[in-house]
Amino acid sequence: MKKIVWIVIAVVTGLIVLAGYFFQAQLGPVLSMILDWGILLAGAAGLIGVAYLFRMHLLKIIQNKKGAFYSGVVLAAFLFALIAGFILTPQNSFYRHLILNVQIPVEASLLAILAVMLLYAGLRLIQTRGWTPMSGAFLVSAILSLIIDLGFVQTRSGTLGAELIALLDRLPIAGARGILLGMALGGMVVGLRVLLTVDRPYGE
Amino acid sequence: MSLSELIWGGVGFLLTVMVLSYLIGDNFFFRLAAHLFIGLTAGYLVVLIVHHILYPYLITPLATHSWMEALWLGIPLLLILLLVLSQIPKLAGLGSIPLAFLVGLTAAVAIGGAVFGTLIPQVRSLIDAFDPAFWYQAAERPWLRIVDSALMLVGAVTTLSFFHFGRKWRVDKKEQVVERPRILEILSKVGQIFIGITLGAVFAGVFSSALLALIDRIAFIVDFIAGLVGGGG
Amino acid sequence: MIVICPECGAENSLTAEVCQECGASLLGVIPSPSSEPLEPEGDDLDLFAQDDPDLPDLLNALKQYEEVSDDGGEEQEPTPDSPKESVKNPLDFNAGEDEDSIPEWLKRIRKRAHEEKDAIGEITRKINTAQERLESEKNGNKRKQYESYLQRLRGQKRGIEEQLGEHHESSKDDLDWLSKIKKAEGKHSDTYQEDQPSIDERQGDSLLQWLVAVENGDEAPEPLSEMEEEFVERHRGETLPTRISSQEPDLESTQPMSRDELEFKPPELSISSEEQAQADQLAATIVDERASRPDRQPKRAPLKWVMRLVLGLILIAGLSFPLFIGGAPTLPQGLLQPQNEALLYWAREVPAETSLLLVFDYSAGYASEIALVARPILKEAIKQGSAITLVSSTPSGSLLAKRLFGELDASAAYKVTDYGYFPVAAYGAYGMASGGFSEDALLDVPEMGKPLPSDGFDGVLILSDSFEGAQVWIEQISSLMPEIPLNLVVTAQAGPMLLPYWESGQVNGMVSGLSEAAGVERALSDGESVATRWRSYQTGLLILIAVLVIGAIFNTDTRGADRRRGEE
């Protein structure tokens with residue numbers, strides 16, 4: 001009995017949303033309501049996730065496990081951001097500076113480290129993957145894309161050279177389209193399996 | 001350099017140097033910066049969810065709408081309560097209902113987006129590329145457009161054939177066979193080349209973005225030190 | 001007290017320095033008490049009561065097998081193939097065996113078994129299980145068989161003694177089990193005399209005598225039957241289980257045994273094929289261990305972090321140099337792509353007082369790149385009286401939006417409405433694209449969330465750092481609002497995967513990465529934000545090209561060498 005309730009909820013919700021692609025005007029308010037509920041639930045799930053993170057780090061400190069100092073740092077930063085956010089609100093200039101002046105340097109620096117890692121990975125590309133059709137095509141395509149991005153290759157518009165370079169520049173679109181089609185087919189199959197109750201990820 | 005610029009710049013400078021120290025190896029400063037980032041972001045996320053989701057979608061309607069209209073909010077409230085209670089191990093089964101709702105919603109959105117947003121338009125684009133009107137749109141070199149269209153079709157088909165969507169059952173031996181028809185294997189080999197071309201372009205793009213972030217960080221450090229020196233001098 | 005020769009087991013006097021039988025040195029050998037007198041009649045199993053140190057190891061093992069355990073609970077098949085130690089763990093160091101008699105390879109195995117956790121525990125468990133099974137199976141019939149065997153031996157002994165008559169002496173020095181057998185042998189030949197030569201001198205044809213003769217090296221061993229050879233090999237100082245079989249001796253009579261019956265017939269030990277396979281595997285492992293191996297020094301992998309640090313320093317130095325030089329070079333031509341021109345055209349043609357939807361789908365790390373790419377487009381698109389609706393699908397989206405708008409020229413007056421944060425982009429995209437309320441609604445439900453603009457949007461601009469995020473918005477907006485122009489401002493990493501959407505017409509125009517932004521900036525002749533980074537950017541790209549080429553030319557494919565090394 002319980003299983004039927006879950007299945008009915010999942011299938012009915014999915015069918016209403018799918019019908020919204022065809023009967024947008026007629027189902028507009030209902031769709032809006034369903035989406036509002038979904039956003040609320042997603043927000044609640046996010047809060048539960050953060051609470052779990054908080055609990056995990058708190059337990060680490062209480063049990064004095066390895067890395068308890070870093071857990072203390074996490075909790076201290078968390079509580080500071082939380083209390084400041086509730087008191088000052090996200091619209092406050094100081095609060096915005098606080099968040100952005102921590103997030104931007106850290107995330108951008110992590111990206112900067114990625115640049116060095118990619119450089120090292122490029123050096124070892126053939127050593128690790130060997131000479132295969134995919135690795136060879138990968139290498140040639142990467143070098144060509146970089147050369148085109150440099151702006152050194154300049155041709156007059158309308159010439160054969162320009163059109164050939166444009167053709168080379170468009171070659172990645174062929175593979176990208178195949179990848180997008182494959183992803184869409186896979187997503188569609190997974191979604192259909194859920195709506196047809198073949199898969200029930202919400203529990204048995 | 002004003003005081004606020006000095007303070008925020010100093011914070012940014014310190015964090016940048018601490019994170020970039022990872023180039024030497026994992027160390028205390030890198031971990032300190034990373035954990036500080038995690039804690040701050042988690043706290044901000046809670047504030048964001050409360051201000052941008054709970055408040056406008058739940059609290060404000062409850063406060064401003066009539067009780068008849070507010071009854072509609074009973075359903076999401078109940079679902080949220082079930083989701084929270086499901087965190088208790090004994091009541092884990094209660095989370096199935098809100099999960100079923102979310103799964104149904106997400107599956108439908110995914111199907112609609114995949115079919116109407118990608119599959120149909122992209123296949124139509126592949127077919128339209130063989131429209132003679134498109135070939136002769138430009139005055140010169142229609143053959144180049146034909147070659148271009150053919151390459152797009154071959155690339156898409158061979159890339160798709162590289163993905164393995166199912167297995168064949170050999171009825172007589174009652175076993176799963178992973179072998180595919182030879183023609184698919186040949187197409188798959190060609191598809192690998194097109195996938196390699198696409199991933200190579202993506203790799204170049206990823207490096208470009210990361211390079212720009214590094215340039216920006218170096219410029220920031222240089223500007224901050226110059227500002228300190230210039231401001232002090 | 002006597003001194004037992006460690007080589008041949010012969011008895012020597014305390015003062016002897018060399019063995020009188022084989023000539024081996026007796027220096028350092030600990031004297032031992034002389035043999036105990038024969039137990040009086042009626043004592044059970046005194047024949048097997050003691051270890052005789054002057055016996056060869058094999059005979060000791062045989063004797064030990066014949067002993068009955070003291071507790072009387074365990075009963076074994078009375079064959080010499082399963083000595084007392086066989087009921088114990090054969091890998092047990094503390095089995096009470098003579099350490100010197102244990103072969104080197106067995107010592108190693110036992111040491112490994114002790115040191116390594118469950119090194120061959122599986123095999124040991126199997127052996128123990130087989131033995132326990134055997135013991136339990138034998139409990140019934142075997143007890144009876146063993147008893148009958150004992151009775152047989154006792155009967156034989158009684159018979160021997162009776163026949164010996166007054167010759168049976170209880171104070172003989174060599175009153176051990178071997179002496180009894182000697183006497184039994186002497187009785188059969190009817191030539192038993194007190195001064196019967198020792199068994200070493202006898203030219204007997206029993207297996208026992210043969211073994212003793214071989215031990216002494218007196219004669220070349222007579223060729224043994226195959227079974228006897230196997231028996232001898234298996235019991236040369238070892239206690240590993242061997243094949244045993246369920247013998248069914250039906251010797252219930254007390255008549256003396258014949259010579260054939262006295263001779264040990266190696267019983268057959270039956271174990272399962274799985275156990276045999278495991279034992280074979282163990283033997284193969286032992287052989288493999290003893291095999292000589294070539295000396296190979298492990299190759300030390302170069303310190304990866306050093307290489308990364310060197311590359312990082314090269315990159316940072318290469319990027320810093322143009323920054324220090326300063327200046328803004330002229331941006332190259334030919335960087336403007338058709339999709340960039342389409343976006344520029346749209347931005348220029350957007351009318352005043354337009355309603356735009358701006359989606360902020362990028363994280364803080366990409367803020368500088370998006371700002372460089374989006375600023376000129378936003379300056380063109382946002383006109384006097386524009387109504388901007390902001391939506392973010394990343395946590396820091398709204399903060400970054402405020403930062404970006406703060407960098408724009410504030411001359412144009414426009415209204416910005418922050419619609420908030422959508423934790424799941426697909427829900428927000430579907431909700432924004434489905435348009436909200438209409439008069440044709442089937443069901444009248446109250447509007448709970450923030451109201452959307454009633455006239456819809458005139459254009460959508462998505463700022464994204466990843467193709468997945470942008471894809472979600474493109475799919476929903478292009479399928480539910482196909483008539484509204486959709487434009488993208490994305491990072492370089494998202495560009496290649498989003499180009500198919502531009503080519504299919506779902507996306508009106510797009511700009512991705514710094515190189516296309518350079519083309520836009522050159523086309524607009526607006527500012528030098530891109531130009532100041534351009535030289536560093538080019539240097540970085542050149543370094544990567546060089547590294548890729550060097551890596552392809554000079555790095556060999558080591559996968560084949562690794563595979564061969566693994567196979568060796």
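Buried means under 20% relative accessible area, exposed means over 50%, and partly exposed lies in between. The exercises below use a predicted model.

**Exercise 1. Describe the setting of strand E6 of chain C.**

Step 1. One side carries C:Gly459, C:Leu461 and C:Leu463. The other carries C:Val460, C:Ile462 and C:Ser464. Both faces are covered.

Step 2. Find the strand partners. Strand E3 (residues 355–361) of chain C pairs with E6(C) in the parallel sense, over 6 bridges. Here C:Ser464 is the bridge partner of C:Asp361. Strand E7 (residues 486–490) of chain C also runs parallel to E6(C), joined by 5 bridges. In that pairing, C:Val460 stands opposite C:Leu486.

Step 3. E6(C), helix H14 (residues 467–480) of chain C and E7(C) form a right-handed β-α-β unit.

**Exercise 2. Characterise the interface of chain B and chain A.**

Step 1. Count residues. In chain B, 101 residues contact 101 residues of chain A.

Step 2. Take the area. The two chains bury about 9,500 Å² between them, with 84% of it on carbon and sulfur atoms. On the chain B side, B:Trp8, B:Leu40 and B:Phe101 lose the most area to chain A, together 8% of what that side buries.

Step 3. Turn to polar links. The interface holds 10 residue pairs in polar contact, both residues at pLDDT 80 or more. Helices of chain B that each supply at least two residues to the side touching chain A include H1 (3–20), H2 (28–64) and H8 (182–232). H5(B) gives the largest share of that side, 25 residues.

Step 4. Count salt bridges. There is 1 across this interface.

**Exercise 3. Trace the network of salt bridges that includes A:Arg170.**

Step 1. Side chains of opposite charge can pair when their charged atoms come close.

Step 2. Over all chains, the structure holds 9 salt bridges.

Step 3. Take the link to chain B. The side chains of A:Arg170 and B:Asp148 meet at 2.7 Å, N to O. A:Arg170 is partly exposed at 22% relative accessibility, whereas B:Asp148 is buried at 9%.

Step 4. Take the link to chain C. C:Glu503 and A:Arg177 form a salt bridge at 3.3 Å, N to O. C:Glu503 lies in helix H15 (residues 495–503) of chain C and A:Arg177 in helix H7 of chain A, so this pair joins two chains. C:Glu503 is partly exposed at 23%, and A:Arg177 is buried at 1%.

Step 5. A:Arg170, A:Arg177, B:Asp148 and C:Glu503 are linked by salt bridges.

**Exercise 4. Which parts of chain C does the pair C:Asp418 and C:Lys402 tie together?**

Step 1. Identify the contact. The two side chains meet in a salt bridge at 3.8 Å, N to O.

Step 2. Assign the elements. C:Asp418 lies in strand E5 (residues 415–421) and C:Lys402 in helix H12 (residues 397–407), so the pair ties parts 16 residues apart in sequence.

Key
Residues numbered from 1 in each chain as written. Chains lettered and ligands numbered in written order. Predicted model: local features only at pLDDT ≥ 70, side-chain atom pairs only at ≥ 80, totals over all residues. Heavy atoms only, no water. Buried < 20%, exposed > 50% of the residue type's maximum accessible area, 1.4 Å probe, protein only. Helix = DSSP H or I, 4+ residues; strand = E, 2+ residues; numbered from the N terminus. Pairing = 2+ DSSP bridges. Right-handed = clockwise from strand over helix to strand, strands pointing away. Contact = heavy atoms within 4.5 Å. Buried area = accessible area lost by both parts, 1.4 Å probe. Salt bridge = Lys/Arg side-chain N within 4 Å of Asp/Glu carboxyl O. Polar contact = N/O pair within 3.5 Å; in protein donor to acceptor, adjacent residues only side chain to side chain.
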